[in-house]
Amino acid sequence: MKNFVVKTVANAGALAVAVWLLDKITLTGDSTGKEIGTLIIVALLFGLVNFLVKPVVKLLSLPLLILTLGLFTLVVNALMLLLTSWLADKLDLSFHVEGFWTAVLGGLIISVVSWALHVILPDGD
């Protein structure tokens, strides 16, 4: 359970950094508390998308991953971020990613920040 909480906090932190750095990734709310709540829900949604959908997409795109020496992972991460944005819109959450290239850059930022936070934060093994 502790590992799940740490991963969710790391995802929320990484998403917050992406929202802060990129103008075309937006998170709005009436108050700071609502923004933090939305960010945590979006982080849970992002984790769920990465857990359920990403392995299938990576398996289906394995030839492209091998051909590009793994650089196609950036496209897969962007698609997962766009899917999260779409699902957030369907759930009336105020999180939106505008455009594919913004999603590529956002996915890169989220990957780097999430990795750094996983190094810093303790895991619950």
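Visitor: Let me start with helix 2 and helix 5: is their crossing right-handed or left-handed?

Guide: Please keep in mind that this is a predicted model. In it, the crossing of helix 2 and helix 5 is right-handed, and their axes come within 9 Å and cross at roughly 130°. That angle makes helix 2 oblique to helix 5.

Visitor: Which residues make the contact there?

Guide: Helix 2 contributes Val42, Leu45, Phe46, Val49 and Asn50, while helix 5 brings Met80, Leu81, Leu83, Thr84, Leu87 and Ala88. Sorted by class, the contact of helix 2 with helix 5 has nine nonpolar, two polar and no charged residues.

Visitor: And which residues of helix 2 are buried?

Guide: The buried residues in helix 2 are Thr38, Leu39, Val42, Ala43, Leu45, Phe46 and Val49. What covers them includes helix 1, strand 1, helix 3, helix 5, strand 2 and helix 6.

Visitor: How far apart are the ends of helix 2?

Guide: The end C-alpha atoms of helix 2, which runs over residues 32-52, are 30 Å apart, and this agrees with the 30 Å that its 21 residues should span at 1.5 Å a residue.

Visitor: What about helix 5, how many residues does that one have?

Guide: Helix 5 covers residues 72-90 and has 19 residues, reaching 27 Å from its first C-alpha to its last, close to the 27 Å expected. Its buried residues include Phe72, Val76, Met80 and Leu81, and just after helix 5, Asp92 takes a positive phi of about 60°.

Visitor: Changing topic: at what angle do helix 1 and helix 6 cross?

Guide: The axes of helix 1 (residues 2-21) and helix 6 (residues 100-120) cross at roughly 140° and come within 8 Å. That makes helix 1 oblique to helix 6, and helix 1 passes helix 6 in a right-handed crossing.

Visitor: Who makes that contact?

Guide: From helix 1, the residues are Lys7, Ala10, Asn11, Gly13, Ala14, Leu15, Val17, Ala18 and Leu21, and from helix 6 they are Gly106, Ile109, Ile110, Val113, Ser114, Leu117 and His118. The contact of helix 1 with helix 6 divides by class into 10 nonpolar, five polar and one charged residues.

Visitor: One last thing, where does Leu105 lie?

Guide: Leu105 lies in helix 6 and is partly exposed, with a relative accessible area of 41%. Leu105 and Val76 are 29 residues apart in sequence, and their C-alpha atoms are 12 Å apart in space.

Methods:
Residues numbered from 1 in each chain as written. Predicted model: local features only at pLDDT ≥ 70, side-chain atom pairs only at ≥ 80, totals over all residues. Heavy atoms only, no water. Axes fitted to C-alpha atoms, helices over the stretch in contact; angles between N-to-C directions. Helix = DSSP H or I, 4+ residues; strand = E, 2+ residues; numbered from the N terminus. Parallel < 35°, antiparallel > 145°, perpendicular 65-115°, else oblique. Left-handed = near helix turned anticlockwise from the far one by under 90°. Contact = heavy atoms within 4.5 Å. Nonpolar A, V, L, I, M, F, W, Y, C, P; charged D, E, K, R; others polar. Expected span 1.5 Å × (residues − 1). Buried < 20%, exposed > 50% of the residue type's maximum accessible area, 1.4 Å probe, protein only.
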